[in-house]
Amino acid sequence: MQLLISFLCFLWSFFLVKNREIKLLIFAMFLASPIIIVFRLPVEMPIKRWIACTLLFIYLKDIFLHRRHMSLNFPLKYPIALMFLGSILLIAFDQRFAISYRFLYPILDALDTYYPLFLGFYFVSSLNSIPKMYKPLLICCFIVCLYGIFNYITFENPLIESLIRIYEIDSRTFEIILYSGWEEVRRGVMSIYRYTFDFGYNSGLFLLLLFYYLLSYKKNSKIHYICLVLALGGIFLSASRTVMLSALFSLLLFLIFSYKSTKKTRIILFVSVVMLGSYLFIAPINNMVNLTIDTIFFQSKDLESGSSVSMRETQFLSALALWQQNPILGNGFKYIFLDLDWKNFTRTDGMAGFESIIYSLLIERGIVGIIVYVTLFLSIFIYYYKNLQYSRQLSALGLSIHIFFLLFAIGTGVLDSWLNTMLLHGILIKNIELSKLSLS
């Protein structure tokens, strides 16, 4: 079965390289379960990395065969270059890895995280890409969310359970969700993904994109509204307070930025930012909101069970202690996974992991890593904000997706959200640039 799945992945890559159809890319982004591993040698190639490698192959092929140099027109090339230099600096003197791995890891890190931003930008060749994404997104939303509802009703997930058996994955990776989690009143739904949070996050992306098509292209068919309801349902079925609040806040941002702001909307935006910031960073408010949401949506029998404040405090203090071991460059690639032995499911003080991207950056990449990541995230925000005057609704969509991703990454960790987010940013930025050219 592994060989059959790998063959299908190669077949998908062949058709994407040959036809360069964006619908094939959208289907792979949202419908290919991150559990899939195309091959394991010489390096492990999970499906998300395989998608990025296919896009990289298209870019390299065009350079060598057609002498195209689109990288010169990419507006975020300097933050991307800074990210790569930061990765090289991080691992250059790391004695834990052989020389070959010190060369390889920065490349894999780029493919797994930020480089799909450029690859998505390069893949798009015309303004028709946005309309062509619409039907594939509807199909993906319908399948993903409907399957999530099936999980919730039946307490079964045959797809994920089959993939776990096929790839001989340690069941402890999923036991909280597939087994003990089903017995709780407050439970999350995975759908076709590895984590309930990713189901909620992708449902949030569907919601934002569908609202964009509703406002910009006047898409208001019955199936469109059905998918809007399904996407909203997927957000709540993920049973993640952070996903719920981040998605709804990002939708509010999109609606505000889609039109020229007035004093009233600026006040609403400011109040919303203060409220969300208070939830994320002030423990008593976080606890109060968590308990309220648990009571309303999950009917938790034990109200204190819904609160993760004590765990977050433990994570924060542990992250600070580990960061102080090497505050400038951090402790290195995969430190949490390898050196802290999280690969063998070692747990400390009841923690489920260093969930926030802030914790992982502090521990593994130090101040240098924080600086380069903040530079990239700030550059994306500034780009969209500056281009509101040229392409308001596309830029508003980009801003809302970016804020959604940041809140998700801070609140729950990035998990498997890098590829979809960065590819969407690349597609949107390319369309904005093409729109500016058409106006000049």
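Author: Let us begin with a term: helices and strands here are DSSP runs, a helix having at least four residues and a strand at least two, numbered from the N terminus. Please keep in mind that this is a predicted model. Read in this way, the secondary structure of the chain comes to 19 helices and two strands.

Reader: How much of the chain is buried?

Author: A residue counts as buried when its relative accessible area is under 20%. In this chain of 440 residues, buried residues make up 53%.

Reader: Which residues of helix H2 are buried?

Author: H2, residues 22–31, is mostly covered, with seven of its 10 residues buried, and these are Ile22, Leu24, Leu25, Ile26, Ala28, Met29 and Phe30. They pack against several helices, including H1 (2–19), H3 (47–66) and H19 (418–439).

Reader: What should helix H11 span?

Author: The expected span is 1.5 Å times one less than the number of residues. For the 16 residues of H11 (residues 222–237) this gives 22 Å, and because the end C-alpha atoms are 22 Å apart, the model agrees with the expectation. After H11 comes Ala239, which has a positive phi, near 60°.

Reader: Where do the buried residues of H11 pack?

Author: As a general idea, an α-helix has 3.6 residues a turn, so residues three or four places apart point the same way. In H11 the buried residues include His224, Cys227, Leu228, Ala231 and Ile235, and the buried residues of this helix pack against H7 (129–154), H10 (196–216) and H12 (241–257).

Reader: How do I read the crossing of H10 and H18, and at what angle do their axes cross?

Author: Angles over 145 degrees count as roughly antiparallel. The axes of H10 and H18 (residues 392–412) come within 11 Å and cross at roughly 165°, and the two helices are therefore roughly antiparallel to each other. The crossing is right-handed. Among the residues that meet there are Tyr201, Leu205 and Leu208 in H10, and Leu397, Ser400 and Phe404 in H18. The residues of this contact divide into 13 nonpolar, six polar and one charged.

Reader: Is Ser400 buried or exposed?

Author: Ser400, which lies in helix H18, counts as buried because its relative accessibility is 0%. Leaving aside residues up to four places away in sequence, Ser400 touches Leu208, Ser250 and Phe254.

Technical notes: Residues are numbered from 1 along each chain as its sequence is written. This is a predicted model: local features need pLDDT of at least 70, side-chain atom pairs count only at pLDDT 80 or more; totals for chains, interfaces and linings use all residues. Side-chain values use heavy atoms; hydrogens and water are left out. Buried means under 20% relative accessible area, exposed over 50%, partly exposed in between (1.4 Å probe, protein chains only). Contact means heavy atoms within 4.5 Å. Axes are lines fitted to C-alpha atoms, for helices over the stretch in contact, and angles run from 0 to 180 degrees between N-to-C directions. Angles under 35 degrees count as roughly parallel, over 145 as roughly antiparallel, 65 to 115 as roughly perpendicular and the rest as oblique. A crossing is left-handed if the near helix is turned anticlockwise from the far one by less than a right angle, and right-handed if clockwise. Ala, Val, Leu, Ile, Met, Phe, Trp, Tyr, Cys and Pro count as nonpolar, Asp, Glu, Lys and Arg as charged, and the others, Gly among them, as polar.
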